[in-house]
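Let's take a walk through this one, a few residues at a time. Have the viewer open and follow along.

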Amino acid sequence: MICYHFQDPHSDSGYGKKPLAFFCKCMEMIQYNGFHGCPFCGSAGETVKTGEKGSTHVYPFHILSPTGHGKPRTHQETVTHAKHAERQALAGKAAPECGAKGTTSFMFLPKFDTIRGVAVDYMH
């Protein structure tokens, strides 16, 4: 459904692999560089200082998890979070719920799983 490959003039091969901001917008999710920004697991991630003034958001390897990742997201759980976030936004209290900012049309396509129905990006 979503292709993460794009032409990158800064890489040796000319191609890179990054999650595009478009994915987050069409899926109504937080970007990969925010808390709960991973579209496939429920990990909030953490912000790590990279220098005196810099920082980056990372999703560390979970040593106690059999896969190394946080608890996997589910379609139904994501729909529930999205509906809650949407209600909050309509009430004037816009706040993402576990990375979901609201519902998207993809959530209501019959037999389409918004979590398992998209390709895994380089983050995992």
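This is a predicted model: local features need pLDDT of at least 70, side-chain atom pairs count only at pLDDT 80 or more; totals for chains, interfaces and linings use all residues.

Buried means under 20% relative accessible area, exposed over 50%, and partly exposed in between (1.4 Å probe, protein chains only). Residues are numbered from 1 along each chain as its sequence is written, and side-chain values use heavy atoms, with hydrogens and water left out.

Tyrosine 32 sits in the loop between helix H1 (21-27) and strand E3 (46-49); helices (H or I, at least four residues) and strands (E, at least two) are DSSP runs, numbered from the N terminus. From tyrosine 32 to glycine 45 there are 13 residues in sequence and 9.6 Å in space, C-alpha to C-alpha.

Now for leucine 64, in the loop between strand E4 (55-58) and helix H2 (75-90). Leucine 64 counts as exposed because its relative accessibility is 84%.

Next, hop to threonine 103, in the segment after H2. Is threonine 103 buried or exposed? At 19% relative accessibility, threonine 103 counts as buried. Its side chain makes a polar contact of 2.7 Å with the side chain of glutamate 86. Such a contact is a pair of N or O atoms within 3.5 Å; within protein, one must be able to donate a hydrogen and the other to accept it, and residues adjacent in sequence count only if both atoms are side-chain atoms.

Last stop: phenylalanine 106, which is partly exposed at 26% relative accessibility.
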